[in-house]
Amino acid sequence: MTDPSAESVPVTVVDGHERTELAVEPGRTLRRALLDAGLSPYAAATRRLNCGGRGVCATCGVRIREGPPPDHWHDRLAARFGYPRLSCQVTVDRPMTVELVDKRVWGPRERDGDD
Ligand code: FES
């Protein structure tokens, strides 16, 4: 029998003073992994009003402290200029540490949202 923990990638999520350790199936997007864990990257208004992970609405941003280099055009700009990267454009393929950020334009971030 296969050990499921050997087939997961550790992701540390920092949300204010809280740290959550996730075990994520390799290949999932960071957005999906966060939502599945009840750690929404969205603000209140964008929880329902987002592009569904297509990389066009720029509402799913998180700060990546350790993780993969950017490969989406928005992600490259975000990394270069220091604003949050799109969690929907980050594939979980290695251990990473991400920080959820408070959203100011579209209201406070949903802390218990699932979509
Ligand atoms: S969900 Fe729209 S850019 Fe990520």
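Helices and strands are named here as DSSP runs, numbered from the N terminus. The legends below describe a predicted model.

View 1. Of its 115 residues, 32% are buried. Among contacts with a separation of 6 or more, 59% are between residues 24 or more positions apart. The average pLDDT of the protein chain is 85, and 84% of the residues score at least 70.

View 2. Over residues 1-5 pLDDT stays under 50. The model has 2 contacts for this stretch beyond four places in sequence. Where pLDDT is low, predicted coordinates should not be read in detail.

**View 3. The loop around Pro 70.** Pro 70 lies in the loop between β3 (61-66) and α2 (73-81). With 18 other C-beta atoms within 10 Å, Pro 70 is partly exposed, because a residue counts as buried at 20 or more and as exposed at 12 or fewer. Leaving aside residues up to four places away in sequence, Pro 70 touches Asp 75, Arg 76, Ala 78, Ala 79 and Arg 85. Leu 86 is 16 residues from Pro 70 along the chain, and the C-alpha atoms of the two are separated by 9.6 Å.

**View 4. The five-stranded sheet.** The 5 strands form an open sheet with mixed pairing, in the order β2-β1-β5-β3-β4. β2 (18-24) and β4 (85-86) are the edge strands, each pairing on one side only. In general, strands of a sheet pair through backbone hydrogen bonds, in either the parallel or the antiparallel sense.

**View 5. β5 and the strands beside it.** β1 and β5 are parallel, paired over 4 bridges; in this pair Val 11 has Met 96 of β5 as its bridge partner. β3 and β5 run antiparallel and are also joined by 4 bridges, with Val 62 opposite Leu 100 in β5. The covered face of β5 carries Met 96, Val 98 and Leu 100. Thr 97 and Glu 99 are on the uncovered face of β5.

View 6. β3 and β4 run antiparallel, joined by 2 bridges. Here Gly 61 stands opposite Leu 86 in β4.

**View 7. The largest nonpolar core.** This core has 15 residues, and those that touch the most other members are Val 11, Val 13, Leu 30, Ala 33, Leu 34, Val 92 and Val 98. Two or more residues come from each of β1 (9-15), α1 (30-36), β3 and β5 (96-100). The most come from α1, which gives 4 residues.

View 8. Not counting residues up to four places away in sequence, Val 98 touches Val 11, Val 13, Leu 30, Val 62, Arg 63, Ile 64, Arg 65 and Gly 67.

Technical notes:
Residues are numbered from 1 along each chain as its sequence is written. This is a predicted model: local features need pLDDT of at least 70, side-chain atom pairs count only at pLDDT 80 or more; totals for chains, interfaces and linings use all residues. Two residues are in contact if their C-beta atoms, placed from the backbone, lie within 7 Å. pLDDT is the predictor's confidence in each residue, from 0 to 100. A nonpolar core is a set of buried Ala, Val, Leu, Ile, Met, Phe, Trp, Tyr and Cys residues joined through C-beta atoms within 7 Å. Two strands pair if DSSP finds at least two bridges between them.
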